[in-house]
Amino acid sequence: MPKKITKPGDRRTSIDRRVVRTRKSLQDALISLIHKREYDTISVDDICKAADVGRSTFYTHYAGKDELKRSGLEILHKELRERQHLAQKTETRGFNFTLALFEHAKERIDHFRALAGNRGGAIARSEIQNILTKLVRSELTRRPDETQTDAFQREATIQFTVGALQSLLRWWLENGAKQSPQEIDDAFQRLIGNGVAPK
């Protein structure tokens with residue numbers, strides 16, 4: 001029987017897939033634990049046991065559970081950023097990422113409830129706020145002739161928009177996300193209005 005020839009890229013592809021599977025398993029384990037317990041009471045050992053992964057494997061990928069949580073949220077950030085860039089080419093309205101955020105949240109409602117609710121801990125809420133702030137700030141860019149008053153107004157607008165978006169998202173999810181993502185996004189866009197829209 002002829003010996004199978006391994007191409008140079010095959011081993012690397014196999015390792016990459018294994019890394020992706022392990023990280024997903026760890027992230028899923030953390031979320032499943034957050035559904036049952038407060039984030040602060042969950043240990044790395046608990047996560048490893050739920051994911052059926054050894055501690056050494058865990059620490060190969062993450063420095064601790066906070067980094068594990070942040071990495072899961074970074075995937076969300078990447079998806080929203082990509083949606084934002086695509087939408088900016090075809091749409092004229094501002095904050096094009098918000099519909100994708102509501103769609104993502106509806107598809108993973110238990111995941112979002114776990115992260116954004118009290119059990120998810122301050123780190124998750126802070127990371128979600130940071131992600132939304134970066135996305136909003138990228139649309140409300142600084143003008144070359146911006147004065148100190150303009151800078152204050154721009155930052156106040158960013159904080160107001162992010163706070164409103166977070167609050168609306170959390171309220172919608174906690175009430176069962178009965179409205180469609182399009183309906184809740186339309187409500188957000190109407191509430192924000194032209195006074196906040198990027199110029």
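Start by selecting helix 5 (residues 98-107) and helix 8 (residues 148-174): these two cross in a right-handed way. For handedness, a crossing is right-handed if the near helix is turned clockwise from the far one by less than a right angle, and left-handed if anticlockwise. Helices here are DSSP runs of H or I with at least four residues, strands are runs of E with at least two, and both are numbered from the N terminus.

Before going further, a word on what is on screen. This is a predicted model, in which local features need pLDDT of at least 70 and side-chain atom pairs count only at pLDDT 80 or more, while totals for chains, interfaces and linings use all residues. Residues are numbered from 1 along each chain as its sequence is written, and side-chain values use heavy atoms, with hydrogens and water left out.

**Stop 1: helix 5 against helix 8**

Stay with this pair. Helix 5 and helix 8 pack at an angle of about 30 degrees, and their axes are 11 Å apart. That makes helix 5 roughly parallel to helix 8. The axes are lines fitted to C-alpha atoms, for helices over the stretch in contact, and angles run from 0 to 180 degrees between N-to-C directions. Angles under 35 degrees count as roughly parallel, over 145 as roughly antiparallel, 65 to 115 as roughly perpendicular, and the rest as oblique.

Now show side chains. From helix 5, pick Thr98, Leu101, Phe102, Ala105 and Lys106; they meet Leu165, Leu168, Leu169, Trp172 and Leu173 of helix 8 (contact means heavy atoms within 4.5 Å). By class, this contact has eight nonpolar residues, one polar and one charged. Ala, Val, Leu, Ile, Met, Phe, Trp, Tyr, Cys and Pro count as nonpolar, Asp, Glu, Lys and Arg as charged, and the others, Gly among them, as polar.

**Stop 2: the Phe102 and Trp172 rings**

Zoom in on Phe102 and Trp172. Their ring centres are 5.5 Å apart and their planes sit at 90 degrees, so the pair is edge-to-face. Rings of Phe, Tyr and Trp (its six-membered ring) pair if their centres lie within 6.5 Å; planes under 30 degrees apart count as stacked, over 60 as edge-to-face and the rest as tilted. This pair links distant parts of the chain, with Phe102 in helix 5 and Trp172 in helix 8, 70 residues apart.

Are Phe102 and Trp172 buried or exposed? Both are buried. Buried means under 20% relative accessible area, exposed over 50%, and partly exposed in between (1.4 Å probe, protein chains only).

**Stop 3: bring in helix 9**

On the helix 8 side, the contact is made by Phe160, Thr161, Leu165, Leu168, Trp171 and Trp172; on the helix 9 side, by Pro181, Ile184, Phe188 and Ile192. Those residues divide into nine nonpolar, one polar and no charged.

Thr98, Leu99, Phe102, Glu103 and Lys106 in helix 5 meet Pro181, Gln182, Ile184, Asp185, Phe188 and Gln189 in helix 9. The classes here are five nonpolar, three polar and three charged.

**Stop 4: two loops with a positive phi**

Select Ala177, in the loop between helix 8 and helix 9. Its phi is near 50 degrees, a positive value in a residue other than glycine. Ala177 is buried, with a relative accessible area of 1%.

Then jump to Asp52, in the loop between helix 2 (44-51) and helix 3 (55-61). Asp52 has a positive phi of about 60 degrees, although it is not a glycine. Asp52 is exposed, at 71% relative accessible area.

**Stop 5: an aromatic cluster**

Select Phe58, Tyr59 and Tyr62, which ring pairs link into a cluster. Phe58 and Tyr62 are both buried. Their ring centres are 6.0 Å apart with planes at 55 degrees, so this pair is tilted.

**Last stop: zoom out**

Show the whole chain as a cartoon: it has nine helices and zero strands. Of its 199 residues, 39% count as buried.
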